[in-house]
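My entries follow in the order in which I made them.

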Amino acid sequence: QEASERLIPFDIVPRILSGHEWRRLTQGIEQRVQALNAFLDDIYHRQEILRAGRVPRDLVARNEAFLPEMIGVKPPAGVYTHIIGVDIVRISENEFYVLEDNARTPSGVSYMLENRETMMQLFPELFQKIKVRPVENYPQLLRQSLAAVRPQSAKGAPTIAVLTPGSYNSAYFEHAFLADQMGVQLVEGQDLRVVDGHVAMRTTEGYKQIDVLYRR
């Protein structure tokens, strides 16, 4: 059985945000991401928000995403939410609402990068006349974010890998694209094993320890 080919939808009419609007949104999104991380840190440590009754305890305890095993555990650099997808909709000229926060495995960034490249090919004069913010540095920023949470035991440049279920997965294009753009390995579950208490990937020279594994 071969993997099916999928078309990438593309809208040639872009949604335009002014520099002022984007700066305002950026401030709000950064504040929101910090608040989400602080919320998770509190849930897995002091639980002050539960004791204060701001959030019902049952709402958290019965949530399938809640992991009791994580109580008291401090993640590397204290970061719980490394990449967050914030879905935003404009409701009026100067108002924006957040539809949802995807704090687990937000997808779609590779399509955004491909769309921008297509736009630059179709409308080169648009990018020559208007100062459009670049997006092509996203893979480098993602790699920096992943490297920032490497274990303290990692020496030199950390070994980073992107985990994919395989070519039949609907998000495989993004998995392969991001791994290629970041210059890291793309691995499947069958490529991994635990060696001396650490996750390692199979290579032509044997198994090599992975410092940061990005599960997409």
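**Domains.** I took the domain bounds as they come from an automatic or database domain assignment. That assignment gives domain 1 (1-106) and domain 2 (137-215). I kept in mind that this is a predicted model, in which local features need pLDDT of at least 70 and side-chain atom pairs count only at pLDDT 80 or more, while totals for chains, interfaces and linings use all residues. Residues are numbered from 1 along each chain as its sequence is written, and side-chain values use heavy atoms, with hydrogens and water left out.

**Overall.** I counted seven helices and eight strands in the protein, taking helices (H or I, at least four residues) and strands (E, at least two) as DSSP runs numbered from the N terminus. The C-alpha atoms fill a box of roughly 55 × 55 × 40 Å along the principal axes.

**Interface.** I found the C-alpha centres of domain 1 and domain 2 to lie 23 Å apart. Eleven residues of domain 1 are in contact (heavy atoms within 4.5 Å) with twelve residues of domain 2. The two domains bury about 830 Å² between them, 62% of it on carbon and sulfur atoms; buried area is the accessible area (1.4 Å probe) that two parts lose on being put together, summed over both. On the side of domain 1 that touches domain 2, I noted six nonpolar, three polar and two charged residues, where Ala, Val, Leu, Ile, Met, Phe, Trp, Tyr, Cys and Pro count as nonpolar, Asp, Glu, Lys and Arg as charged, and the others, Gly among them, as polar.

**Threonine 164.** I located threonine 164 in the loop between strand S3 (160-163) and helix H7 (172-182). Threonine 164 counts as buried because its relative accessible area is 3%, with buried meaning under 20%, exposed over 50% and partly exposed in between (1.4 Å probe, protein chains only). Not counting residues up to four places away in sequence, threonine 164 touches Tyr172, His175, Leu186, Val187, Glu188 and Gly189.

**Leucine 213.** I placed leucine 213 in strand S8 (residues 212-215), where leucine 213 counts as partly exposed at 34% relative accessibility. Leaving aside neighbours within four places in sequence, leucine 213 is in contact with Ala161, Leu163, Val187 and Leu192.
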